Amino acid sequence: MEKYQQLNETQLFMNSELIPEKEITLVNLSLMLEHACLAHQIEEEERIYLNEDGIFPFWIRIFDSAHILAFSTYIKAQEDKTQDELLKFCNEINQKFLVPSAYYRDNRIWCFMPIYMKDHLQKSHLLRLIRYFGDGCSKVKVALASHD
């Protein structure tokens with residue numbers, strides 16, 4: 001819960017291109033997403049759920065000790081596909097698309113993208129990656145629907 005209280009009161013990072021790592025908190029990320037007009041909500045599991053129209057919905061989570069910000073989401077697997085077929089599909093996705101990486105678990109195709117944030121994070125890069133990841137997940141969903 002402490003992360004929720006780490007609000008940057010000066011808001012200096014909002015006008016800067018670089019966000020210092022120590023200021024990358026859920027609240028500050030939420031403020032940045034709000035400033036960029038991206039619909040989202042902070043969830044109890046210490047993550048942000050991004051649900052902007054036109055962007056495939058996904059979660060953003062901070063892993064402080066690894067200096068990583070991670071995007072993740074899932075697509076329900078087709079019930080008529082075997083586990084081997086779905087694993088093969090994930091391997092194809094990982095070969096064809098740079099983002100996202102895909103894996104199969106719990107009858108879902110999971111998409112994941114880590115972003116290294118040691119020392120700082122470039123705000124414009126993060127905002128581009130949000131759209132890039134969402135677009136990649138949309139492509140995975142279309143590929144899954146048409147996968148033989």
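Contact is defined here as heavy atoms within 4.5 Å. The structure is a predicted model, in which local features need pLDDT of at least 70 and side-chain atom pairs count only at pLDDT 80 or more, whereas totals for chains, interfaces and linings use all residues. Residues are numbered from 1 along each chain as its sequence is written, and side-chain values use heavy atoms, with hydrogens and water left out.

Asn94 lies in helix H2 (residues 83-96), helices being DSSP runs (H or I) of at least four residues, numbered from the N terminus. When residues up to four places away in sequence are not counted, Asn94 touches Pro100, Ser101 and Ala102. Asn94 counts as partly exposed because its relative accessibility is 34%; under 20% relative accessible area is buried, over 50% exposed, and partly exposed lies in between (1.4 Å probe, protein chains only). The C-alpha atoms of Asn94 and Cys111, 17 residues apart in sequence, are 9.8 Å apart in space.

Ser30 is located in helix H1. With a relative accessibility of 13%, Ser30 counts as buried. Apart from neighbours within four places in sequence, Ser30 is in contact with His40, Ile42 and Ile48.

Helix H1 (residues 26-35) also packs against helix H3 (residues 123-146): their axes come within 12 Å and cross at roughly 75°. H1 is therefore roughly perpendicular to H3, a term covering angles of 65 to 115 degrees; axes are lines fitted to C-alpha atoms over the stretch in contact, and angles run from 0 to 180 degrees between N-to-C directions. Leu29, Met32 and Leu33 of H1 meet Lys123, Leu126, Leu127 and Ile130 of H3. This contact has six nonpolar, no polar and one charged residues, where Ala, Val, Leu, Ile, Met, Phe, Trp, Tyr, Cys and Pro count as nonpolar, Asp, Glu, Lys and Arg as charged, and the others, Gly among them, as polar.

Technical notes
Helix = DSSP H or I, 4+ residues; strand = E, 2+ residues; numbered from the N terminus. Parallel < 35°, antiparallel > 145°, perpendicular 65-115°, else oblique.
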